[in-house]
Amino acid sequence: DSPDPVARRRTVDFSVTIRNTGNVVWSSATVTVDIYRPDGALVATPAATVKRVQPGSEYTCSISWKVPYHAPRGIWHYEVYINYAGVLVAGRTDPADTITVS
């Protein structure tokens, strides 16, 4: 994510790289970033659609999110999920994945 820290009403850009380790071409996979306020409430789920990832290949997508005007200052947490054909195929829920809103 960048920038970090980020001011209210500014945009955070997430760069997510996925790797297809299976043996099926992924078409129309969805990458979602779940964003949580400092109090733990889910507030946004920006997403991007990945058109095609060959087996053994990587793809990097960008997902943007604008920090709301009234966003509380503090440490926000985010989680990343990848869905393909309606099935969750990967997720990253590392507590270290944070954004500081100043």
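Predicted model: local features only at pLDDT ≥ 70, side-chain atom pairs only at ≥ 80, totals over all residues.
A residue is called buried here when its relative accessible area is under 20%, exposed when it is over 50%, and partly exposed in between (1.4 Å probe, protein chains only). Residues are numbered from 1 along each chain as its sequence is written, and side-chain values use heavy atoms, with hydrogens and water left out.

His77 is a handy place to start. This residue is found in strand 6, where strands (E, at least two residues) and helices (H or I, at least four) are DSSP runs numbered from the N terminus. A contact means heavy atoms within 4.5 Å. Not counting residues up to four places away in sequence, His77 touches Asp34, Ile35, Tyr36, Asp94, Pro95, Asp97 and Thr98. A polar atom of the His77 side chain also lies 3.1 Å from the backbone oxygen of Asp97.

Next comes the nonpolar interior. A nonpolar core is a set of buried Ala, Val, Leu, Ile, Met, Phe, Trp, Tyr and Cys residues joined through side-chain atoms within 4.5 Å. The largest one has 25 residues, and Phe14, Ile18, Val31, Ile35, Trp65 and Ile99 have the most contacts inside it. At least two residues of this core come from each of strand 1 (11-19), strand 2 (26-36), strand 4 (47-53), strand 5 (58-66), strand 6 (74-84) and strand 8 (98-101). Strand 2 gives the largest share, 5 residues. As for Val31, leaving aside neighbours within four places in sequence, this residue is in contact with Val16, Ile18, Pro46, Ala47, Ala48, Val50, Cys61, Ile63, Val80, Tyr81 and Ile82. In soluble globular proteins, nonpolar side chains tend to be buried together.

Rings of Phe, Tyr and Trp (its six-membered ring) pair if their centres lie within 6.5 Å; planes under 30 degrees apart count as stacked, over 60 as edge-to-face and the rest as tilted. The count comes to 3 aromatic pairs. One of them joins Phe14 and Tyr78 edge-to-face, with 4.9 Å centre to centre and 70° between the planes. Phe14 lies in strand 1 and Tyr78 in strand 6, so this pair ties together parts that are 64 residues apart in sequence. Both Phe14 and Tyr78 are buried. Another pair, Trp65 with Trp76, is tilted, at 5.6 Å centre to centre and 50° between the planes. Here strand 5 holds Trp65 and strand 6 holds Trp76, 11 residues apart. Trp65 is buried, and so is Trp76.

Charged groups are next. A salt bridge is a side-chain nitrogen of Lys or Arg within 4 Å of a carboxyl oxygen of Asp or Glu. By this rule there are 4 salt bridges. In one of them Asp39 pairs with Arg37, the closest N and O atoms being 2.7 Å apart. Asp39 is exposed at 57% relative accessible area, whereas Arg37 is partly exposed at 30%. Arg92 bridges to Asp94, with the closest N and O atoms 3.3 Å apart, and to Asp97, with 2.8 Å between the closest N and O atoms. Through these shared partners, Arg92, Asp94 and Asp97 form one network. Asp97 is buried at 8% relative accessibility, while Arg92 is partly exposed at 44% and Asp94 is partly exposed at 28%.

Glu79, in strand 6, tells another story. This residue is buried yet has no salt bridge, and the nearest side chain of opposite charge, Arg92, is 10 Å away (Lys and Arg count as positive and Asp and Glu as negative; His and the chain ends are not counted). The Glu79 side chain does make a polar contact with the side chain of Tyr81, at 2.5 Å.

Strand 6 also holds Asn83, which is partly exposed with a relative accessible area of 26%. A polar atom of the Asn83 side chain lies 3.3 Å from the backbone nitrogen of Leu88.

Notes: Polar contact = N/O pair within 3.5 Å; in protein donor to acceptor, adjacent residues only side chain to side chain.
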